[in-house]
Amino acid sequence: MAEMGSKGVTAGKIASNVQKKLTRAQEKVLQKLGKADETKDEQFEQCVQNFNKQLNEGTRLQKDLRTYLASVKAMHEASKKLNECLQEVYEPDWPGRDEANKIAENNDLLWMDYHQKLVDQALLTMDTYLGQFPDIKSRIAKRGRKLVDYDSARHHYESLQTAKKKDEAKIAKAEEELIKAQKVFEEMNVDLQEELPSLWNSRVGFYVNTFQSIAGLEENFHKEMSKLNQNLNDVLVSLEKQHGSNTFTVKAQPSDNAPAKENKSPSPPPDGSPAATPEIRVNHEPEPASAAPPGAALPKSPSQSSLPAVVVETFPAAVNGTVEGGSGAGRLDLPPGFMFKVQAQHDYTATDTDELQLKAGDVVLVIPFQNPEEQDEGWLMGVKESDWNQHKELEKCRGVFPENFTERVQ
């Protein structure tokens, strides 16, 4: 019987809830149609607008903070991989190996500590802050329903009072329902009227504390990381000093843009050029008269078609700036200060009046700059051999050209 009674109560409660929903729906329709007045509280509505704005801002901040933490974790992993690479390439007999390994360990610990403190002092605080919104949001919605119940009870009571045939029993019951609905509504309304403004004002202190925590943690992290980086730099400087004889300079890749006159930077060879497989050039003493003439290409067999071209060039010895050997017609007076020869491997289009226009195969006689301070990295001064043979005028023929477009042949 107890079970039957329990089921009966449950069924009655369900029926009561259904009736409440139906009554509320009817009341809302009448209010929208203007056939029933609606209790308004503009001050409370403003509080609700502020609440929704505060919730949206907090939700966005939580999302962005999680993104920031994910980025910190990603940077930690990238830094860890980079340090692992350094440990692998750092040879066992190099000085400072133990120090470099210790720095890598401290680097890893520092990243972990930074991430954990961000979680503890920012993210968890953020979660706690937003944790209070769902309950309040639910109570705001419930207040709205209780307000509709109150308006509905009020309208029902008023309609019974204005009826031509009054039923005192119904009026008394309606008045009792009205008082009950009003009490439930006002209790919820009073609590929210106090809590919502207080919650709205709390946002300032929360934002201040959150961003102060993040800023302070980040500042300390970078200070400690700066110390580790300085220590690593000291280790590498020490390594460089002890292995100075084996050091080499890595030249920066030239820009694709045309070189500027103020600070020339040679352009790279054209795409698709044979820069990766340069022609092999062999320099040797002059051959007998029966040998191939200077600069003549050796014939290729069919099996050599895929191999780079082999060009044999001979250069007679120069004495006092004059080439010795050969007939008088083949004598060549070299330009003053001549240092060595290069041959253009690719075409180069001059972009300024002080530059040489080169075609692949052109031979250039390299000479020093009159003012060494004017020489830009990657550029040489010279005169094309053909121009020098024809004009013998250095001022008219010389110019600068990008070194990476040529190959030294003498």
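A crossing is called left-handed if the near helix is turned anticlockwise from the far one by less than a right angle, and right-handed if clockwise. The structure shown is a predicted model, in which local features need pLDDT of at least 70, side-chain atom pairs count only at pLDDT 80 or more, and totals for chains, interfaces and linings use all residues. Residues are numbered from 1 along each chain as its sequence is written, and side-chain values use heavy atoms, with hydrogens and water left out.

**View 1. Packing of helix 2 against helix 4.** Helix 2 passes helix 4 in a left-handed crossing. Their axes (lines fitted to C-alpha atoms over the stretch in contact, with angles from 0 to 180 degrees between N-to-C directions) lie 12 Å apart at an angle of about 150°. Helix 2 and helix 4 are therefore roughly antiparallel, the term for angles over 145 degrees, whereas those under 35 count as roughly parallel, 65 to 115 as roughly perpendicular and the rest as oblique.

**View 2. Packing of helix 2 against helix 5.** Helix 2 (residues 42-89) and helix 5 (residues 168-242) pack at about 15°, with axes 10 Å apart. That makes helix 2 roughly parallel to helix 5. The crossing of these two helices is also left-handed.

**View 3. The kink in helix 5.** Helix 5 has a kink of about 30° centred on Arg203, the bend being the angle between axes fitted to the seven residues ending at a residue and the seven starting there.

**View 4. The bend in helix 3.** At Val119, helix 3 bends by about 35°. Helices here are DSSP runs (H or I, at least four residues), numbered from the N terminus, while strands are E runs of at least two.
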